[in-house]
Amino acid sequence: MAQQTQPQPQPLTFYYDYTVRPGQEEEFMNLVKTVGAPVRDKLMADGVVLAWGIETPVLRYPDGTTDLIWFSVANWSGVEKVLSGMEAQLQKLAAEDAKHTESAHASKQKPFMTTAERQREVFDMSKTRDWLVRDIVTNFGPQPPAGILPVTRYNFIKVKPGKNAEYRSTWEKYNKPVFDKLVADGVVLAYGLSVEEVKTDGDFTHFVWMATADMSGLDKIGAAFAADRARRTTEEQNSITELFTSVTEPDKARSIVTRSRIFRLPATK
């Protein structure tokens, strides 16, 4: 009974939305390898970071994000450990950069570019955007084979005021079973229903994310939902549509699809 009533974990995911300047993509990855990756990998080995990665949107648009870096942790304490680790890493690199700069100056070599200067050259920092979200419903399949770089679709939904509980119950009744079967069948690697832990945006209230090994998985997700609805009577189909449209603002719905460039999970034991 204790196991049955135990609440499902609701991990936090921190997203950094970056705009990388044209031509700076390679240097962006170099910065990741020297600044953020060592911190996140160390904390993953310590059991603090549950997963982390870098994604790029498939569809480009003016002023859109070019790269997303994300990490997942169990709680706020994990967020603090990652952010503190990043601060310490930047301080360490700044101290090393100061020594290199002094040495280059003394020997009259070409000026040394510091980590901070590299960051300013790579990023349009005025467009950087941070998000902290909580997964309120999740399911994860087995750890994917090494080398898999998932494709992830994010569906953003705006739920009407006071309708959060009704939306979630409707979603869990009609959408969760479809996703759970797709996870069991190996089509979906993982999925979640999420909300902002710290509310910073008014364009959406919830979003659904679903990760697949490749884009063919997105076709299979669409086919699975179409089949689920098709097996129902016309009355049931109309009822489901009415239930969702009555608690959301359909015209506010938006989606993005991303491809992973880095995807890290803890090593299997």
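What covers the buried residues of helix 8? Keep that in mind as we walk through this predicted model.

**Stop one: helix 8.** Select residues 234-247, a helix of 14 residues. From its first C-alpha to its last, helix 8 reaches 21 Å, close to the 20 Å expected at 1.5 Å a residue. Now show the side chains of Ile240, Phe244 and Val247, the buried residues of helix 8. Turn the view to look down the axis: these buried residues fall within an arc of 85 degrees, so they line one face of the helix. On the other side of helix 8 you will find Thr234 and Glu235, both exposed.

Back to the opening question: the cover over the buried residues of helix 8 includes helix 5 (164-174) and helix 7 (216-230).

**Stop two: helix 5 with helix 6.** To see the contact, pick Trp171, Glu172, Lys173 and Tyr174 on helix 5, then Lys176, Pro177, Val178 and Phe179 on helix 6. Colour this contact by residue class and you get five nonpolar, no polar and three charged residues.

**Stop three: helix 4.** Finally, select residues 115-122. Which residues of helix 4 are buried? Thr115, Arg118 and Val122 are. Look down the axis of helix 4 as well: its buried residues fall within an arc of 60 degrees, so they line one face of the helix.

Methods: Residues numbered from 1 in each chain as written. Predicted model: local features only at pLDDT ≥ 70, side-chain atom pairs only at ≥ 80, totals over all residues. Heavy atoms only, no water. Helix = DSSP H or I, 4+ residues; strand = E, 2+ residues; numbered from the N terminus. Expected span 1.5 Å × (residues − 1). Buried < 20%, exposed > 50% of the residue type's maximum accessible area, 1.4 Å probe, protein only. Arc of directions from axis to C-beta. Contact = heavy atoms within 4.5 Å. Nonpolar A, V, L, I, M, F, W, Y, C, P; charged D, E, K, R; others polar.
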